[in-house]
Amino acid sequence: MADPSIVFTDVNERQGAFHRRIFLMGGVTAFGLFALTGRLVHLQGVQGEKYKMLAAANQYNYRIEPPPRGEILDRNGKVIAGNRPSFRVMLEANLIKNIDDTLDQIAYVLPQTLSQRRRILRDINQSQRFVPTIVAADLAWEDFAKISLYANDIPGVVADMDEMRTYYYGGAFSHVVGYVNKINAKELAREVEQTGGKPDKLLLHPGFRIGKSGIEKTYDVQLRGQAGGKKIEVDARGKVVAEDDEGSRPAVGGKDIVLTLDADIQSRAVEVFGEDSGSAIMMNCQTGEVLCMTSSPGFDPNLFVSGISGPAYRLLAEYERLPLLDKAVGSTYAPGSTFKMNTAIALLAAGVDPSERVTCTGVYRMGNSSFRCWKPGGHGSVDMRGALKHSCDVYFYTLCNRAGVNGIARTARMLGFEQTFPDLGIEGQKKGLIPDTAYKARAFKKDPTWHPGETVSVSIGQGYVNVSAIQLATYIARIANGKKAVEPYLVRKVGSELEDHMSRFRDLGIPESHIQIARDGMYMVSNDSDGTAFRQSQLDLGPNIKMSGKTGTAQVRSYGSGTRKAAEWKYKDHGLFVCFAPSDAPKYALAVVVEHGVAGGKFAAPKAREIMRLALMKDPDIQKRIIGPVSTAVDTAALKAGAADPEVDTLAPEPLTDNIRSD
Amino acid sequence: MVDSALSRPGQRERYDSKLAQIDWVFVGLLATLTGIGILLLYSVGGMKWEPWAFKQLVTFCACMAFMLLLALVDLRVWLMGAYWFYGASLLLLVAVEAVGDVRMGAQRWLSVGGFGFQPSEFMKLAIVLALARFYHECSAKDANWSWKLLFPAAMIGVPAVLVMHQPDLGTAVLISLTGLAVMILAGLNWKVIAAGAAAAAVAIPLAFEFVLHEYQRQRILTFLNPEEDPSGSGYHILQSKIAMGSGGLLGKGLGLGSQSQLNFLPEKHTDFIMAAVCEELGFAGGFMIFLLYGAIILMALRMASLSHSHFGRLAAAGATATFALYVLINGAMVMGLFPVVGVPMPLVSYGGSAMLMVMTGFGLVLGVKVHRYQELPRQASIFQRFE
């Protein structure tokens with residue numbers, strides 16, 4: 001301190017500078033805090049709404065609650081397709097650090113997941129945010145208990161209960177009811193197209209199953225129901241913290257569908273077919289309700305619900321009896337002799353007198369060709385009813401050109417051939433073929449003219465004629481009905497709404513007297529001791545209840561008579577049988593096709609009889625007639641004259657009790 | 001006891017008269033602010049005293065006692081200890097470089113007997129004391145602009161580089177800015193300040209490119225555009241803004257803030273606690289806290305300016321500057337105005353060592369006020385000896 005005075009001023013100078021600057025510093029700090037407050041106002045006031053929405057988006061999530069799929073019931077309320085609880089294990093990928101380690105841990109408890117590792121990883125990659133991936137479903141209770149024990153210790157592993165589609169009758173309804181499975185990309189694209197833009201989130205839910213075939217597919221939208229949303233509160237890791245019941249929307253279950261099918265009759269049909277290949281379709285010929293519609297052999301649709309394994313699927317796909325094909329609608333056959341009622345009606349429409357007799361010598365010659373009757377020696381002199389009874393080919397050969405192929409085809413179309421039935425609600429229906437001159441001109445450019453000899457083949461249901469089993473059933477139902485052009489349908493009720501099909505039935509447009517002659521012929525087939533199906537048509541249900549039928553054999557390929565028995569199964573003829581009962585007051589019409597069943601009378605008719613017996617015995621009105629006092633035996637002559645029991649006209653479909661579960 | 005009693009030597013040495021000189025309103029404000037912090041720690045801890053609120057309360061009580069004790073310490077002790085404290089802190093920083101623990105990717109911690117501490121925390125106060133002593137012994141002319149300013153520059157630069165190397169960008173910036181604040185308060189030439197600011201404007205982009213670590217660069221890039229990667233690096237800033245913005249005027253209520261309660265808000269109990277405050281207590285709570293901070297800082301600066309000694313003035317103002325920088329940087333950070341640099345909100349954020357340093361600083365400030373009439377000998381500085 002050399003100069004005190006200088007030091008003194010220096011001190012004052014330092015102090016003054018400090019005071020000026022600390023004032024400035026206070027100002028800067030205050031300004032800084034003011035700016036921060038301004039920013040707070042900006043965030044909370046100006047942008048507040050935006051951030052409130054973002055905070056809510058962080059906090060809340062809607063978890064889709066899949067609705068229970070509607071049940072499919074038979075006409076008596078028996079559940080054909082229902083839902084049962086299924087134990088499953090899921091992964092919440094967003095909570096898992098190392099997927100491989102977690103899967104190893106799961107595989108330690110559930111070794112079966114090892115082989116599905118690749119599928120699981122793919123599912124995880126494709127899953128949406130917050131949507132868990134199913135690792136294993138439909139676990140046995142022991143496995144579920146084990147994994148539940150470990151699930152709490154492995155983050156992201158959830159063991160819970162789900163609903164799984166179950167088909168209680170196994171393969172009995174495999175084709176008609178169909179099955180459900182995971183939605184595929186094509187179906188998703190179609191759904192998106194239909195809804196016009198965004199797909200329903202339900203479709204992406206891992207537990208969601210879509211109808212893949214049959215009624216499950218046709219009525220998928222009705223069965224599906226509406227997904228509920230559960231409002232959940234999640235934390236930053238996506239873990240559910242709380243559920244908000246008020247903000248949640250409950251799932252609306254799908255509508256139950258009541259079918260016209262009768263599970264007992266269906267089961268009986270499947271039973272009598274055994275491993276035979278073919279189809280049986282029974283209709284109520286007054287209402288059009290389909291009571292039974294089988295395709296044998298079937299498959300277990302339950303296998304498809306959780307995803308069928310490759311080898312199992314190949315077994316089904318490669319089996320020569322084609323279990324995956326719906327033979328009720330998807331196969332066509334030459335109707336053979338079952339077509340003769342149609343030819344007969346066509347002849348009557350062309351003015352042929354039913355009492356006109358033709359002498360069958362076993363062979364019919366036309367120009368240079370000769371056409372053999374099935375019976376080598378011939379039937380002698382037959383009229384129209386006799387020709388039906390004996391299934392005499394020569395009778396139809398001789399007279400067919402009076403109606404002409406166009407006449408036969410017109411009648412055939414009136415009776416239900418060469419058409420599909422949209423009301424049936426089954427996809428994959430084949431239209432079949434009823435040839436006429438226009439068809440020949442269209443399909444055969446080299447030889448467009450129709451030859452009378454071709455009509456000969458058509459008259460006995462051979463040649464180009466191709467029909468499906470459902471068409472045969474409709475055909476016979478229309479003959480049995482005689483007034484209305486009934487159409488088959490499978491769905492009685494969707495939810496609580498009755499489906500009305502009957503009011504849309506057109507008049508058949510064929511004089512009932514003509515139909516009656518065809519019915520007489522069929523009655524004689526089954527009830528005259530020399531009828532072609534006499535032995536196979538005995539219902540043993542007393543004198544009141546009789547069945548009327550007609551056999552048919554459809555050639556699979558031409559062969560010499562010597563090789564018939566040696567032929568392999570797949571080259572054997574198809575056996576057909578169509579029938580209705582009771583003969584005096586027709587109610588049930590039935591068509592049975594046994595593929596490669598050699599002849600209609602041999603394999604098809606006995607099956608038809610068993611199915612028909614059960615249907616008749618279950619029917620309360622017919623039960624009364626079976627066990628009730630025998631008032632006056634209805635004699636054959638009266639039936640032939642068409643003076644049937646008055647019940648024929650008053651018979652209406654009896655009301656079914658409403659026994660659908662209401663839930 | 002009246003103030004005039006302090007002017008009487010002997011009387012002012014008595015501890016009861018010193019205690020009476022402590023600014024109890026100021027202490028009350030500190031307690032109120034910390035109390036709100038503890039309330040929020042209770043809330044974000046899931047409305048439980050564990051794991052944070054209770055510990056914070058205990059730490060605060062201990063620190064409060066320590067602060068009051070420091071307020072009674074003679075300023076000469078501070079003056080004499082200033083360089084020693086600075087030297088020791090510098091040595092510890094070097095030690096960290098050699099044997100420090102690596103936690104969360106940075107070498108910041110030293111462990112002694114099971115307690116981990118960060119020497120960079122000490123340095124924040126040490127730099128203030130050392131610079132205050134330097135300027136106390138320096139003339140106004142030299143403080144304005146002379147070659148002697150190389151010493152304070154080195155005193156700031158060496159620890160800043162060491163801390164930066166740990167790496168801890170936030171603390172390095174804080175140490176530099178604190179030192180700079182003391183230099184400016186001591187009377188640095190405005191032209192030099194302007195030139196320095198211009199140089200910084202050139203240097204910062206260069207430093208960004210060549211000096212900063214990848215994660216530091218990323219933080220700054222993220223700050224500039226947080227929406228670019230909302231689930232990655234921008235997550236912190238975005239979630240913080242959502243928390244604050246969704247609070248509204250009165251907030252969602254204690255324990256009801258979805259962002260902080262459901263862990264969307266990261267570091268909700270430490271660096272981002274202001275976001276939790278503004279979410280749960282709304283604008284009212286946030287504004288209240290800013291008012292408290294403003295009052296505390298302005299009162300502390302007033303106390304600094306009361307001192308008769310240059311050392312006291314600069315030390316108290318420097319300690320307050322550190323505190324103010326904490327508040328402004330953290331506030332700007334949680335509101336998305338500044339990159340995420342890991343600076344806590346003093347007194348409100350959970351954390352023992354930060355609280356200890358802040359309260360030590362305020363102990364100094366209170367002590368400066370208590371000893372405001374004390375004249376410190378302006379010892380001949382090492383430079384004056386050669387004149």
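In which loop of chain A does Glu418(A) lie? Glu418(A) is placed between α14 (393-414) and α15 (437-443) of chain A, where helices (H or I, at least four residues) and strands (E, at least two) are DSSP runs numbered from the N terminus. The model is predicted, so that local features need pLDDT of at least 70 and side-chain atom pairs count only at pLDDT 80 or more, while totals for chains, interfaces and linings use all residues. Residues are numbered from 1 along each chain as its sequence is written, chains are lettered from A and ligands numbered from 1 in the order in which they are written, and side-chain values use heavy atoms, with hydrogens and water left out.

Glu418(A) has a phi near 50°, a positive value in a residue other than glycine. Glu418(A) is buried, with a relative accessible area of 17% (buried means under 20% relative accessible area, exposed over 50%, partly exposed in between; 1.4 Å probe, protein chains only). In chain B, Asn263(B) also has a positive phi, near 70°. Asn263(B) is found in the loop between α12 and α13 (273-280) of chain B and is partly exposed, at 42% relative accessibility.

Two cis peptide bonds may be described next. One joins Ser296(A) and Pro297(A), with omega about -15°; Pro297(A) belongs to the loop between β12 (290-296) and α10 (302-305) of chain A. Another runs from Glu50(B) to Pro51(B), with omega near 0°, and Pro51(B) is in the loop between α2 (24-44) and α3 (53-71) of chain B.

The interface of the chains brings 56 residues of chain B into contact with 36 residues of chain A, contact being heavy atoms within 4.5 Å. The buried area is about 4000 Å², and carbon and sulfur atoms give 70% of it; this is the accessible area (1.4 Å probe) that two parts lose on being put together, summed over both. Of the area that chain B buries against chain A, Leu185(B), Leu262(B) and Arg378(B) supply 16%, more than any other three residues.

Zero salt bridges are found across this interface (a side-chain nitrogen of Lys or Arg within 4 Å of a carboxyl oxygen of Asp or Glu). Elements giving two or more residues to the side of chain B that touches chain A include α5 (119-136), α8 (169-185) and α14 (282-306) of chain B. The most comes from α14(B), with 12 residues.
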